Amino acid sequence: RVYVYDVPTIVLARRSYASDWDRQRLFSTLQEGFVPALLADGATLTADPRAADLFVVPAGTTNSEGMLEYLQHLRAYVRRALPYYNRSAGADHVWFCSGDHCGDALNGAPGLGAGIALAHYFTTRGGGSPARHISLAPFLAGATAAARATYEGYGPRWLRAQRRQRDGPLLFFAGNLAIGLTGYSEGVRQALHRHHANTSGFRIVAKSPTYEEDYRRSVFCAAPLGEGWGIRLTWALAHGCIPVLFRSARGARQFFDDVLDYDAFSITVEPADIPKLRDTLAAVPEARRDALRAGMASHHRLLLWERPYGQAYDVTLRQLCERAKRLRTARASLRCPPWTDLLLAAPAGTSEARRGGRGRSLQNGEAEGGVRRRGAARGLAVAAGRGGAGRGGGGRGGAKAGGAKAGGKAGGGKA
């Protein structure tokens with residue numbers, strides 16, 4: 001059971017930053033994905049904090065000045081509002097941040113790192129990112145619609161059609177090549193451009209006017225990191241292009257990495273092997289490519305948020321349940337359904353999947369239960385984008401308290 005703090009708007013309010021106004025809504029996973037699903041999940045929400053296994057603080061932070069100070073401000077509030085933070089020293093409290101390096105920042109923050117952090121980027125170098133934290137898949141507007149179209153009619157005929165359809169580049173990447181920037185993308189994007197800008201069969205460019213078409217026609221798609229986390233893994237999966245990942249020298253975690261078998265649907269390359277990448281990819285036999293495409297078909301919905309097709313909420317909730325079981329305050333009766341049953345739900349492309357079949361979902365249709373019955377969803381409504389500070393950080397309306405949307409790549413988007 002999850003209790004969500006009813007945080008007043010005046011406490012949630014903060015200044016907005018470029019990432020809040022991103023056109024692609026990349027930094028809005030809390031508001032666009034997790035919170036709406038949680039609000040509708042009467043089987044999971046509880047209005048009684050004494051019955052809660054976990055406590056969610058409904059505030060989204062992103063790439064911003066004073067990010068940790070803002071979260072410490074919220075922590076001070078929840079410590080005063082109810083006695084449950086002090087009971088566990090914050091171990092059963094859930095915090096969220098979408099910024100490029102937020103995971104590591106949360107992990108190292110006094111009083112916050114003891115809880116459960118949901119973020120898109122954690123590194124394990126130097127003993128960071130304890131297992132209690134969750135590397136969350138990001139919300140990506142348009143990805144679900146693309147995936148529905150891609151995997152429609154999945155089956156043997158679909159696999160044969162994919163072989164014919166992939167008549168474009170062997171490898172595709174379009175995005176910030178970060179030429180001259182040290183550290184960005186751990187040097188992977190720069191190496192791709194340096195070694196393969198003119199490689200036959202490779203399309204490595206800063207921009208592409210046929211971006212989505214390139215994803216649909218390419219065999220492999222590079223999915224490197226950016227300044228922090230990246231979006232191209234999700235785009236590749238949504239368009240049926242086999243993702244090529246690059247092992248991180250910092251130990252950057254992949255999304256939902258503690259439960260997903262990435263070898264089932266992607267290829268991982270050592271950065272030192274980038275110069276011979278064309279030979280590596282050309283040597284992948286057709287049978288292996290078919291197996292990876294089948295893996296993408298069975299896994300892609302786990303990284304998408306738009307329900308009922310997307311299952312990222314279900315994966316997140318199951319992982320939170322497993323974290324709750326490890327706490328010293330855990331109920332002996334707490335049981336967590338396995339996340340693997342999501343893989344056994346309706347195969348992508350079948351009529352049941354199109355209707356949104358999800359196997360053993362935690363949601364039981366009690367949308368009017370839990371927090372909605374107690375009429376205390378104000379804090380969550382703010383985080384979901386129905387209140388909070390305006391652009392100046394103090395007005396009513398807008399959608400800034402939870403970190404919102406709009407704005408373009410020049411205004412904080414992922415390049």
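The legends below describe close-up views of a predicted model.

Residues are numbered from 1 along each chain as its sequence is written, and side-chain values use heavy atoms, with hydrogens and water left out. Because the model is predicted, local features need pLDDT of at least 70 and side-chain atom pairs count only at pLDDT 80 or more, while totals for chains, interfaces and linings use all residues.

View 1. Strand 2 covers residues 54–61; strands (E, at least two residues) and helices (H or I, at least four) are DSSP runs numbered from the N terminus. Eight of the eight residues of strand 2 are buried, where buried means under 20% relative accessible area, exposed over 50% and partly exposed in between, with a 1.4 Å probe and protein chains only. L54, V56, P58 and G60 point one way from the strand, and F55, V57, A59 and T61 point the other way. Strand 1 (residues 2–4) runs parallel to strand 2 and is joined to it by three bridges; two strands pair if DSSP finds at least two bridges between them. V2 has L54 as its bridge partner in strand 2. Strand 3 (residues 93–97) also runs parallel to strand 2, with four bridges between them. The bridge partner of T61 in strand 3 is C97.

View 2. A pair of aromatic rings is described by the distance of the centres and the angle of the planes. The structure holds 11 aromatic pairs. The centres of the Y3 and Y5 rings are 5.8 Å apart and their planes stand at 85°, so this pair is edge-to-face. Rings of Phe, Tyr and Trp (its six-membered ring) pair if their centres lie within 6.5 Å; planes under 30 degrees apart count as stacked, over 60 as edge-to-face and the rest as tilted. Y3 has 8% relative accessibility and counts as buried, and Y5, at 2%, counts as buried too. The tilted pair of Y262 and F265 has 4.9 Å centre to centre and 45° between the planes. Y262 and F265 are both buried. Ring pairs also link Y3, Y5, F55 and Y84 into a cluster. R301 lies over the face of Y309, at 4.9 Å from the ring centre; a charge sits over a ring if NZ of Lys or CZ of Arg is within 6 Å of the ring centre and within 35 degrees of the ring normal.

View 3. Strands of a sheet pair through backbone hydrogen bonds, either parallel or antiparallel. In this open sheet the five strands have the order 7-6-8-9-10, with parallel pairing. Strand 7 (202–205) and strand 10 (267–269) stand at the edges with a single partner strand each, so one side of each is left without a neighbour in the sheet. From one strand to the next the twist averages 25°; axes are lines fitted to C-alpha atoms, for helices over the stretch in contact, and angles run from 0 to 180 degrees between N-to-C directions. Strand 6 (residues 171–174) is joined to strand 7 by four bridges, and F172 has R203 as its bridge partner in strand 7.

**View 4. Helices lying across the sheet.** Helix 8 (residues 188–196) lies across strand 6, strand 7, strand 8 (220–222) and strand 9 (242–246), with contact meaning heavy atoms within 4.5 Å. Helix 8 runs at about 125° to strand 7. Helix 12 (residues 286–299) lies across strand 8, strand 9 and strand 10, and runs at about 95° to strand 9.

View 5. Side chains of opposite charge can pair when their charged atoms come close. The whole structure has 17 salt bridges, each a side-chain nitrogen of Lys or Arg within 4 Å of a carboxyl oxygen of Asp or Glu. R217 and D167 form one of them, at 2.9 Å from N to O. R217 is in helix 9 (residues 211–217) and D167 is in the loop between helix 7 (156–165) and strand 6, 50 residues apart. R217 is partly exposed at 30% relative accessible area, whereas D167 is exposed at 51%. R216 forms a salt bridge with E212, the closest N and O atoms being 3.9 Å apart, and another with E213 at 3.2 Å. E212 and R216 are four residues apart in helix 9, about one helical turn; E213 and R216 are three residues apart, also about one helical turn. E212 is partly exposed at 36%, as are R216 at 32% and E213 at 34%.
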